[in-house]
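This report is meant for a reader meeting the structure for the first time. Please look over the sequence and the model below before reading on.

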Amino acid sequence: MAISNSKDKFLSRKGLWSLFLICALPLHIWTFILAFRDFSWVTERTNSWDALGVVSYGLVFTIFESIAVFFTAVFLSLLISRKWDEKRRLAVSVILITVISLWAMVNHLYFLNGAPAPQNLITFFTKFDHPLRALYVSSFLLVTPTFLFPVYFVFRSEVFFQFVKDLVERLSLLSSLYLVVDLAALAIILFRNLRG
């Protein structure tokens, strides 16, 4: 049932659009996290209109980031075996994007909050001849299972696969709403620049 037919060589337009929306979603969520974090101090320094302008620039920049991530995701999706149908290949791509995005957000939030690295962890890695390599290997061993286990269940569990498909549809709808906000942000930037 998961095996593709001869016409199913790559993602369809609908599949590519869904992939783009999923690529855009975590970037937009992250932009809003930063925007809410910075909005108050920008307002205090100048005014709310300037703060809205800063948020708008962030959102427009996020569009270009989303396009860059999308092309990267498309390239990586070419590495997925074509013997699987399009929906499973899309599910694998979505899982990869989601896992990497979540880890990146957790990492950035940790350091944005000014939390220092645990001393025990620093001591552990300094015992190695090459602490940076040890850190990279440890990070790889920590992150890889969070990607491989969901991918395994996409191919082995029909229930989990259906769950991922439904999640993609719901998240795509949410992401498309963010794109409407992007258009509003672009309009604000144009208005501010034309107004001088």
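This is a predicted model: local features need pLDDT of at least 70, side-chain atom pairs count only at pLDDT 80 or more; totals for chains, interfaces and linings use all residues.

Thr 98 belongs to helix H3, and although Thr 98 and Cys 23 are 75 residues apart in sequence, their C-alpha atoms are 8.1 Å apart in space.

Helix H3 itself covers residues 86–112, which makes 27 residues, and the distance from its first C-alpha to its last is 38 Å, close to the 39 Å expected at 1.5 Å a residue. At the start of H3, the backbone nitrogen of Lys 87 has a side-chain oxygen of Asp 85 within 3.3 Å.

## The chain as a whole

The secondary structure of the protein chain consists of six helices and zero strands, so that, read from the N terminus on, the order of elements is α-α-α-α-α-α. Taken along the principal axes, the C-alpha atoms of the chain fill a box of roughly 60 × 50 × 25 Å.

Of the 196 residues in the protein chain, 33% are buried. Among the contacts in the chain with a separation of 6 or more, 82% are between residues 24 or more positions apart.

## Helix H2 and what covers it

Helix H2 takes in residues 48–77, and its 30 residues should span 44 Å at 1.5 Å a residue, which agrees with the 42 Å that lie between its end C-alpha atoms. The buried residues of H2 include Ala 51, Gly 53, Val 55, Leu 59, Phe 70 and Val 74, and the list also holds Ser 56, Ser 66 and Ser 77. Among the elements that cover these buried residues are helix H1 (13–45), H3 and H6.

Ile 63 is also found in helix H2, but with a relative accessible area of 26% this residue is partly exposed, because a residue has to fall under 20% to be called buried. Ile 63 and Ala 24 are 39 residues apart in sequence, while their C-alpha atoms are 7.3 Å apart in space.

When neighbours within four places in sequence are left aside, Ser 172 is in contact with Ser 18, Leu 21 and Ile 22.

Pro 145 has its place in helix H5 and is partly exposed, with a relative accessible area of 31%. Residues up to four places away in sequence not being counted, Pro 145 touches Phe 140 and Pro 150. Between Pro 145 and Ser 172 there are 27 residues of separation along the chain, and their C-alpha atoms are separated by 25 Å.

## The largest pocket

The largest pocket has a volume of about 580 Å³. The residues that line this pocket number 18, and those closest to its centre are Asn 107, Phe 111, Leu 121, Leu 135 and Ser 139.

Which helices each supply at least two residues of the lining of the largest pocket? They include H3, helix H4 (119–126) and helix H5 (131–156), and the largest share, seven residues, comes from H5. Sorted by class, the lining of the largest pocket has 14 nonpolar residues and four polar ones, with no charged residues.

Note on methods:
Residues are numbered from 1 along each chain as its sequence is written. Side-chain values use heavy atoms; hydrogens and water are left out. Helices (H or I, at least four residues) and strands (E, at least two) are DSSP runs, numbered from the N terminus. The expected span of a helix is 1.5 Å times one less than its number of residues. A polar contact is a pair of N or O atoms within 3.5 Å; within protein, one must be able to donate a hydrogen and the other to accept it, and residues adjacent in sequence count only if both atoms are side-chain atoms. On a 1 Å grid over the protein atoms alone, a cavity is a set of points where a 1.4 Å probe fits but cannot get out, and a pocket is an open set with protein on both sides within 12 Å along at least five of seven lines; lining residues have an atom within 4 Å of a point. Grid points are joined across faces, edges and corners, and a volume is the space filled by probe spheres set on the points. Ala, Val, Leu, Ile, Met, Phe, Trp, Tyr, Cys and Pro count as nonpolar, Asp, Glu, Lys and Arg as charged, and the others, Gly among them, as polar. Buried means under 20% relative accessible area, exposed over 50%, partly exposed in between (1.4 Å probe, protein chains only). Contact means heavy atoms within 4.5 Å.
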